[in-house]
Amino acid sequence: MEDHPWIKLKKYPHIGFPLEPKDISYLENYITNPDVIAKHSFLPFLHRTIFQRKFRANTEGVLNKSKKRTRVKAIRPKAREIYFASHFDAQIYSYYSYLLSEKYTQLLKTKSFDKSIVAYRKLGIEGKNKCNIDFALEAFKFIKRNQDKELTVIVADVTNFFDSLDHKILKQKWASVWDGSITLPKDHYRVYKSLINMRYVNEDLLFRNYKDRIWVKTFIENDPKQSQKRQKSIKHKRYLKDNNAIAYCDKTDFFKNSLNLITKSTRTEGIPQGTALSATLANIYMIDFDQEVQDFIDSDNIKGFYQRYSDDLIIIIPREFQEEAIKRLRSLVYNKVKLEIQSKKTKVYQFQEVNGTFKGFEVDELTGEKTNKTLEYLGFEYNGQRAILKTSGYSKFYRAMKRSFKRSTSLAINAKSTDDKIHKSALYKRFTYKGAKRRKLYTSDPQNPNKFKERFRYDWGNYLSYVSKANDAFRQFNQGDQIKRQSRNAWSNFHVLMVKSLNKIELKKKLFSSFKKIS
């Protein structure tokens, strides 16, 4: 099951219960039958808005007690509209993504931009797939190899990518990639219609309707191997995971009592972001654009570099072609795929030798004014001398660490079902080098209870695993461990939070003990 090419069982709460391994045979027979899918009724998506907080340094602010400037939250946090398919429908999207990915991969072998499209594809050798670390390194290596020239690097992302895909173009490209025709087979068309004529339920409304009877999975007392489903009241959405929630309601209950919660999308463009098929369709949609950009980059007088990671793209060209490249890029996006690249989402960097040192800096596209900002791409920064991880990655890691300590401390003090000890092992595993090692997972062997068998899955470690992997990849390029040195304060930061949490718990225990004596 874990190594199945397209069945990926998930446990998030939705309308109806999660699928089990025992359902796989039925899933295969049902989903691989085109006649059945052509008549399949898709359940509504579950809609969730995710807000991504952004922080910026307050360069004019007053220094705080730590002699650092205060950081202010961005006025408009980035909102991402995510749609989760029901557990059964998710497998249908996964199957058609699998089919189309195979066709797309075969098509790319005949195209000059095969190696330029890097997102949502299995690229690599000897079973090791590349990731954003490798793709960023490829771009930076190209810059370094050409440091005898004056270069311009253009980094841009398409505005509202998934929300703006033209349905007519999408359908044409889908049919073309599938079998070279201009129409979709009935089963593909059914799947296509489920995406463009989307029906969805707002997750907050669904929770509000069923919060007094959410379905959860609990283990039977004194028998940790046996579980049962039961309904339970949950006060807030953030406690769903803690209570092992598996469904808001069953399908029968929903169709009997909650049809009024369904909203039909009125959009005339775009597809939901969040299905297994969405990413594959996005790549297929951009075929003509990718070919045009690659032809421009490969022309004899340019010989540049092009790479697209979903809606993020990077172009590296000789300086004299900067203006032409920006104009052509925006023109192709608008005319070929009816999308847009805004000026504020386009960053232009120039690399050249300055006093014997190869340097990079950001320039204003219109005025040409230079600022001391380094190239940022796929989570890395490169200044012409060395590449490091973006500092925002560490900030996010540290904020997650603080939230986890706060939550663990609160549970230790207030939860009735746990003792008054902080769960150190879980915190060490998530935020220190002790949990950073990538390990093969094992499970008990049903044939022999005293033995374990190897699983297909891995324990992927934590953020420090990613730091270590990035450092290994960039060590030769940087001629040192600059990336690893970025994490040198992680251990001390962890223990400062640990001491604060333990002191807080101890103080609460003393106050509680004093209160009992007085009583």
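In what order do the three strands of the open antiparallel sheet stand? The order is β19-β20-β21, and this sheet is one part of a predicted model. Residues are numbered from 1 along each chain as its sequence is written. Because the model is predicted, local features need pLDDT of at least 70 and side-chain atom pairs count only at pLDDT 80 or more, while totals for chains, interfaces and linings use all residues, and side-chain values rest on heavy atoms, with hydrogens and water left out.

The chain as a whole contains 16 helices and 23 strands; helices (H or I, at least four residues) and strands (E, at least two) are DSSP runs, numbered from the N terminus. Of its 519 residues, 42% count as buried, where buried means under 20% relative accessible area, exposed over 50%, and partly exposed in between (1.4 Å probe, protein chains only). The chain exposes about 30800 Å², of which carbon and sulfur atoms supply 49%; the areas come from the Shrake-Rupley method with a 1.4 Å probe, and for residues only the protein chains shown count as cover. Among contacts (heavy atoms within 4.5 Å) between residues at least 6 apart in sequence, 69% join residues at least 24 apart.

The sheet named at the outset can now be described further. Two strands pair if DSSP finds at least two bridges between them. β19 (375-377) and β21 (387-389) stand at the edges with a single partner strand each, so one side of each is left without a neighbour in the sheet. From one strand to the next, the twist averages 25°. Strand β20 (residues 380-382) runs antiparallel to β21 and is joined to it by three bridges, with F380 standing opposite L389 in β21. Helix α4 packs on this sheet, touching β19, β20 and β21, and its direction makes about 10° with that of β20; axes are lines fitted to C-alpha atoms, for helices over the stretch in contact, and angles run from 0 to 180 degrees between N-to-C directions.

Another open sheet has six strands in the order β14-β15-β8-β16-β17-β18, with antiparallel pairing. Its edge strands, β14 (305-309) and β18 (370-371), each pair on one side only. Within the sheet, seven bridges join β8 (residues 151-157) to the antiparallel strand β15 (residues 312-318), and V153 stands opposite I316 in β15. Helix α4 (residues 132-145) packs on this sheet too, touching β8, β14, β15, β16 (346-354) and β17 (357-363), and its direction makes about 165° with that of β14.

Aromatic rings provide a further set of links. Rings of Phe, Tyr and Trp (its six-membered ring) pair if their centres lie within 6.5 Å; planes under 30 degrees apart count as stacked, over 60 as edge-to-face and the rest as tilted. By this rule the count comes to 33 aromatic pairs. One of them is the edge-to-face pair of Y30 and F88, with 5.1 Å centre to centre and 85° between the planes. Y30 belongs to helix α1 (residues 24-31) and F88 to helix α3 (residues 87-108), so the pair ties together parts that are 58 residues apart in sequence. F88 is buried, at a relative accessible area of 17%. The rings of Y394 and Y463 are also edge-to-face, because their centres lie 5.5 Å apart and their planes stand at 90°. This pair links helix α12 (residues 391-414), which holds Y394, to helix α14 (residues 463-478), which holds Y463, across 69 residues.

One aromatic cluster is formed by F140, F351, F358, F380, Y382, F474 and F477. K144 lies over the face of F477, 4.4 Å from the ring centre; a charge sits over a ring if NZ of Lys or CZ of Arg is within 6 Å of the ring centre and within 35 degrees of the ring normal.

Finally, some loop residues deserve attention. Most residues other than glycine have a negative phi. S310, in the loop between β14 and β15, has a positive phi of about 60° although it is not a glycine, and S310 is buried, with a relative accessible area of 5%. Q479, in the loop between α14 and α15 (482-485), has a positive phi of about 55°, but Q479 counts as exposed at 72% relative accessibility. G270 lies in the loop between β13 (262-264) and α9 (276-285) and counts as buried at 2% relative accessibility. Not counting residues up to four places away in sequence, G270 touches F162, D163, S164, L165 and H167.
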